[in-house]
Amino acid sequence: MKIGELAAATGTTPRALRHYEREGLIVSSRAANGYREYGEAAVTRVRNIRHLLDAGLTLEDARAFDGCLDGDMSTAPPSPEGLRIARERLAVIDARIAAQCAARDRLASALAASSPP
């Protein structure tokens, strides 16, 4: 299937698919006219990549799941390595949220202090 067909089948964009390919997460062959061609298995693989990204993981994190990307990740039990990666990513997200909340509080305090009574 062509890149547009894969994008439509997975609810993503051709640009995202090219990015996943550059990152080594999916592969294509080239038709005689130079167009990318993907096998049917790419649909499952891209859906699994999207599943991981939607859960808050990064493409770098997704590389660790390479051996699982061709199966049904949504119902498979998580591996210890997968759980470790998810916990680490959650800690990063929590730290970012805490930093943003602190920045919001500082801004709110500065605005409150500068507002006339």
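Select Ile-3, Leu-6 and Ala-7 in helix H1 together with Pro-14, Leu-17 and Arg-18 in H2: these residues meet, contact meaning heavy atoms within 4.5 Å. By class, this contact of H1 with H2 comprises five nonpolar, no polar and one charged residues; Ala, Val, Leu, Ile, Met, Phe, Trp, Tyr, Cys and Pro count as nonpolar, Asp, Glu, Lys and Arg as charged, and the others, Gly among them, as polar.

The model is predicted: local features need pLDDT of at least 70 and side-chain atom pairs pLDDT 80 or more, while totals for chains, interfaces and linings use all residues. Residues are numbered from 1 along each chain as its sequence is written, and side-chain values use heavy atoms, without hydrogens and water.

Next, display the axes of H1 and H2 (residues 14-22), which cross at roughly 105 degrees and come within 9 Å. H1 and H2 are therefore roughly perpendicular (65 to 115 degrees).

Now select helix H3 (residues 41-54), which packs against H1 (residues 3-10) at an angle of about 50 degrees, the axes being 10 Å apart.

Finally, select the cysteines Cys-68 and Cys-101. Cys-68 is partly exposed at 42% relative accessible area, and Cys-101 is partly exposed at 41% (between buried, under 20%, and exposed, over 50%, with a 1.4 Å probe and protein chains only). Across the whole structure, zero disulfides are found (pairs of cysteine sulfur atoms within 2.5 Å).

Technical notes:
Axes fitted to C-alpha atoms, helices over the stretch in contact; angles between N-to-C directions. Helix = DSSP H or I, 4+ residues; strand = E, 2+ residues; numbered from the N terminus. Parallel < 35°, antiparallel > 145°, perpendicular 65-115°, else oblique.
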